[in-house]
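Dear colleague,

Please find below the structure that I am handing over to you. My findings follow directly after it.

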Amino acid sequence: MHRHVDAAPGIRLWVEERGPADAPPLLLIMGAQASGVGWPDPFVDLLAAHHRVIRYDHRDTGRSTWAFDEHPYPITQLAADAVTVLDACGADRAHVVGLSLGGMLAQLLLADHPDRLRTATLLGTQALSSTPYVRPDGVAVPVEELPGIDPRVLELWARPVPPDLELEAELDRRVEHWRLLSGDVLPFDAAYTRAFERGIIEHTGHHRTNTAHGRADVSGMDRTRGLARNEVPTLVISAPAEPVFPPPHPQHLAQVIRGARLVEIPGMGHALPPAVHAPLAAAILEHSRS
């Protein structure tokens with residue numbers, strides 16, 4: 001079942017619910033510039049066997065309103081949108097899973113709306129905390145000295161995307177993007193990725209790109225104190241092949257979020273290929289029963 005919900009005057013969000021209506025709700029929060037159907041259907045179905053899974057398109061993605069230039073907003077507004085989605089779905093408290101920027105939004109929810117979360121699972125993201133990372137040998141590493149994004153990814157992100165790029169050329173670009181984001185461990189299936197992105201384009205209705213989230217104000221996101229006081233059961237997924245927030249970012253997250261525990265998904269990068277669906281879903285389902 002899918003529908004649109006009003007997030008603000010002139011702003012509507014596409015929302016889908018899947019799974020038993022009386023099952024515990026589980027909210028999936030995607031990353032920057034990514035629509036809710038970036039969560040692959042087979043993976044969502046694994047979770048929906050035990051949960052009422054809610055996924056949605058951020059504003060300026062998918063079938064939600066694209067209007068950043070007329071209605072600019074800070075990144076923190078996207079966390080408020082997640083609460084709006086929960087309200088619209090009648091979910092007083094939900095399990096929340098966030099990927100990349102979605103993992104940062106989940107941290108904002110942990111700090112600002114802990115009463116709305118049953119559990120949280122964070123993957124492919126960085127800590128919204130200024131607390132240093134403490135290495136196994138006891139040495140403290142300032143946050144700004146943690147490893148950065150793979151230069152190959154940064155180079156691709158820096159390339160301008162022609163506004164008149166034809167569909168097949170845009171698919172070529174997206175496949176190249178996911179080849180890098182998937183990391184260098186698991187085999188990369190270009191045909192699967194192309195078909196997956198074609199489905200996202202069909203969902204959206206066009207293949208234009210949007211830079212809204214990259215232009216949105218990122219101030220006011222530090223939650224050092226709130227995360228240190230956390231009482232919501234929190235799982236951090238460690239992806240050893242992660243090229244955007246490589247280790248020890250997951251280890252840092254598990255340190256700064258009070259009570260968090262760490263689980264590694266072998267071979268995983270910054271993507272959700274079929275090889276990680278079962279182990280990732282199993283980790284989330286086990287955590288949601290905690």
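Two strands are said to pair if DSSP finds at least two bridges between them. Helices (H or I, at least four residues) and strands (E, at least two) are DSSP runs, numbered from the N terminus. Please note that this is a predicted model, in which local features need pLDDT of at least 70 and side-chain atom pairs count only at pLDDT 80 or more, while totals for chains, interfaces and linings use all residues. Residues are numbered from 1 along each chain as its sequence is written, and side-chain values use heavy atoms, with hydrogens and water left out.

Overall architecture

The protein chain holds 10 helices and 10 strands. Its radius of gyration (taken over C-alpha atoms) is 18 Å, close to the 19 Å that the globule rule (2.2 Å times the number of residues to the power 0.38) gives for 290 residues, so the chain is as compact as a globular protein of that length. The C-alpha trace spans about 50 × 45 × 35 Å along its principal axes. Of the 290 residues, 52% are buried, meaning under 20% relative accessible area with a 1.4 Å probe, protein chains only. Among contacts (heavy atoms within 4.5 Å) with a separation of 6 or more, 75% are between residues 24 or more positions apart.

Strand 1 (residues 2–8) pairs with strand 2 in the antiparallel sense over 6 bridges, and His4 has Trp14 of strand 2 as its bridge partner. The hairpin that these two strands form has 2 residues between the strands, and Gly10 adopts a positive phi near 85° there. Strand 2 also pairs with strand 4 (residues 52–56), in the antiparallel sense and over 4 bridges; here Val15 stands opposite Tyr56 of strand 4. Strand 2 (residues 11–18) has 6 of its 8 residues buried, so it is largely enclosed by the rest of the structure.

Helix 9

In helix 9 (residues 249–256), 6 of the 8 residues are buried, so this helix is largely enclosed by the rest of the structure. The buried residues are His249, Pro250, His252, Leu253, Ala254 and Val256. Which elements do the buried residues of helix 9 pack against? They pack against helix 3 (101–112), helix 8 (224–228), strand 6 (117–123), strand 7 (133–134), strand 9 (234–238) and strand 10 (261–264).

With kind regards

How values were computed: Buried < 20%, exposed > 50% of the residue type's maximum accessible area, 1.4 Å probe, protein only.
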